[in-house]
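Hi everyone, thanks for making time. Have a look at it first.

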Amino acid sequence: MEFRVLGALDVRSDGTRLDLGGLTRRAVLGYLLLHDNQVVAASRIREALWPEGPPPTARKIVQNAVSALRKTLAHSNSDTGGPALLTQVPGYILRVDPTAVDLNHFRLLAGQGRTALRAGAIDCARERLRAAIGIWSGAALADLVEAGLGWSELTALEDERLNAYEDCLEAELADGRHREITPELELLTATAPLREGFHRQYMLALYRSGRQAEALRVYQRSRAALVEHLGIEPGRDLQRLLRLILAQDSSLQTAQLVRPTA
């Protein structure tokens, strides 16, 4: 079986998509998949489903959803060692092969890419990080978000996606592919205007492409957004890059990273 949360919730058995039922069942399964192989308290699930306060029947509703999901998984799973939704005090645990969940695959590839990047294995880093990003088909649990559910875990996941993207573009810059990635960076700086890392990379890519004036305008846009929305000035990395661009420092044309990755 395959479980996909990096996009709309999608569960498949031998390639066939399973009918998971209504919103409550999908939300319970989605939340458990974000914490696969961990015990999740029933109270946390109720809070996730009804952040404004659960109805009097919330406990029974969750129990019914778990029962229905249990049957769906059991009916579609001929392997006795396959996924199982179990009751375990103080709540439930979804036991599943970690490799069957796309989120875990993403994290594995992203981690391998970062390790390769730190080691200077640029081609490997690009390959793994591009593969990690490619697993995403939209916002995490997009169908549940559209239905009005917004969890802190989903915000954290989006940060993970953007971190992987930033690391991937760092590898692209280190490989001298600044011209190829400028369209991506233009889009990313527009969709994530407060993320300084993308602006720094965009400025560097533009400068290396002979577009110094545009690189300076990117800095001004970034600064304006930070001041307007957060009341802060750009960070040290962005300000340092600005000074280097204004000085036309020769180090900016090398394939070395402007900053070390974490």
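**Salt bridges in the model**

Let's start with A174, which sits in helix α7. Helices here are DSSP runs of H or I with at least four residues, strands are E runs with at least two, and both are numbered from the N terminus. A174 counts as buried, at 12% relative accessibility. For the cut-offs, buried is under 20% relative accessible area, exposed is over 50%, and partly exposed is in between, with a 1.4 Å probe and protein chains only. If you want a sense of scale, take A174 and A84: they are 90 residues apart along the chain, and their C-alpha atoms are separated by 44 Å.

Quick housekeeping. This is a predicted model, so local features need pLDDT of at least 70 and side-chain atom pairs count only at pLDDT 80 or more, while totals for chains, interfaces and linings use all residues. Residues are numbered from 1 along each chain as its sequence is written, and side-chain values use heavy atoms, leaving out hydrogens and water.

Now the charges. Side chains of opposite charge can pair when their charged atoms come close. How many salt bridges does the structure hold? There are 19, where a salt bridge is a side-chain nitrogen of Lys or Arg within 4 Å of a carboxyl oxygen of Asp or Glu.

One of them pairs E172 with R130, with the closest N and O atoms 3.0 Å apart. That pair links distant parts of the chain: E172 belongs to helix α7 (residues 152-174) and R130 to helix α5 (residues 122-134), 42 residues apart. Buried or partly exposed, what are these two? E172 is buried, at 3% relative accessible area, whereas R130 is partly exposed at 28%.

R130 also forms a salt bridge with E184, and here the closest N and O atoms are 2.8 Å apart. Again distant parts of the chain are linked, since E184 is in helix α8 (residues 178-191) and R130 in helix α5, 54 residues apart. E184 is partly exposed, with 21% relative accessibility.

Next up is E233 with R223, whose closest N and O atoms are 2.8 Å apart. E233 lies in the loop between α10 (212-230) and α11 (236-246), and R223 in helix α10, ten residues away. Both count as partly exposed: E233 has a relative accessible area of 41%, and R223 has 33%.

Last point, back to R130.
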